[in-house]
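Please look over the sequence and the structure shown below before reading on. The briefing that follows goes from the whole chain to single residues, topic by topic.

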Amino acid sequence: MSHSRVRALFNTALLAYATPKQYRVATDNVTFVPKTNETYLAAHLIPADTTTNTLGGDHKKFIGIYQIKVVTGTGVSTSVSDNITQDLQTVFQVDKLFTKDGFTVQVVSPIHSPEGRAQEGSWVVPCYFEYRSDTN
């Protein structure tokens, strides 16, 4: 399954950004308990249907969305989430390639970042971009 490879590549890049800044990262299917008023990132892969462009099925196109929720405590300036969102646009800039062991995935859209919302005592800013990987 190449969507799992996509997830691993993007999560690795996100951790490389977040770790030096001391932001924890919540990922799919891993227990995560946020601390009170903690700033952290929550990553989710949202794959679309896998398709093929050949009748023989030897080509596969993996597409989908990678979402990163920037979560800060209530009462924290929105500049914190704004700065993180800006940084993420550099980490996952449009057309950037991520490669490991001969597998490549490309960011195919700029990060979209709708306005944040208060949720369960936190301020949450969803950021997401589209990706694509072609294999033969």
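Among contacts in the protein between residues at least 6 apart in sequence, what percentage join residues at least 24 apart? The share is 56%, and this value, like the others here, is computed from a predicted model. The protein averages a pLDDT of 93, and 99% of the residues score at least 70.

**Confidence in the model**

- Among the elements, strand E1, which covers residues 24-26, has the highest mean pLDDT, at 98, whereas strand E6, which covers residues 117-119, has the lowest, at 89.

**Overall build**

- The secondary structure comes to two helices and seven strands, and from the N terminus on these elements follow the order α-β-β-β-α-β-β-β-β.
- Taken along the principal axes, the box filled by the C-alpha atoms is roughly 55 × 25 × 25 Å.
- Of the 136 residues in the protein, 37% are buried, while the accessible surface comes to about 7,900 Å², with 50% of that area belonging to carbon and sulfur atoms.
- The protein carries 12 positive and 12 negative side chains, and the centres of these two sets lie 5 Å apart.

**The nonpolar cores**

- The largest nonpolar core has 27 residues, and those with the most contacts inside it are Phe10, Leu14, Leu41, Tyr66, Leu88 and Phe92.
- At least two residues of this core are supplied by each of helix H1 (2-18), strand E2 (40-47), strand E3 (60-73), helix H2 (78-91), strand E5 (103-107) and strand E7 (122-135), and the largest share, seven residues, comes from H1.
- Leucine 14, when its neighbours within four places in sequence are left aside, is in contact with Val25, Leu41, Ala43, Tyr66, Ile68, Leu88 and Phe92.

- Is glutamine 22 buried or exposed? Glutamine 22 counts as exposed because its relative accessibility is 71%, and the cut-off for exposed is over 50%.
- Aspartate 101, which is not a glycine either, has a positive phi of about 50°, and its place is in the loop between strand E4 (97-100) and E5.
- With a relative accessibility of 66%, aspartate 101 therefore counts as exposed.

**Proline 47**

- Proline 47 is found in strand E2, and because its relative accessibility is 41%, it counts as partly exposed.
- Which residues does proline 47 contact, leaving aside its neighbours within four places in sequence? Proline 47 is in contact with His3, Ile63, Gly64 and Tyr131.
- Proline 47 and valine 80 are 33 residues apart in sequence, and from C-alpha to C-alpha they are 29 Å apart in space.

How values were computed. Residues numbered from 1 in each chain as written. Predicted model: local features only at pLDDT ≥ 70, side-chain atom pairs only at ≥ 80, totals over all residues. Heavy atoms only, no water. pLDDT = per-residue confidence, 0-100. Helix = DSSP H or I, 4+ residues; strand = E, 2+ residues; numbered from the N terminus. Core = buried A, V, L, I, M, F, W, Y, C linked by side-chain atoms within 4.5 Å. Buried < 20%, exposed > 50% of the residue type's maximum accessible area, 1.4 Å probe, protein only. Contact = heavy atoms within 4.5 Å. Areas by Shrake-Rupley, 256 points an atom, 1.4 Å probe, with all protein chains shown as cover. Lys, Arg positive; Asp, Glu negative; His and termini not counted. Charge placed at Lys NZ, Arg CZ, Asp CG, Glu CD.
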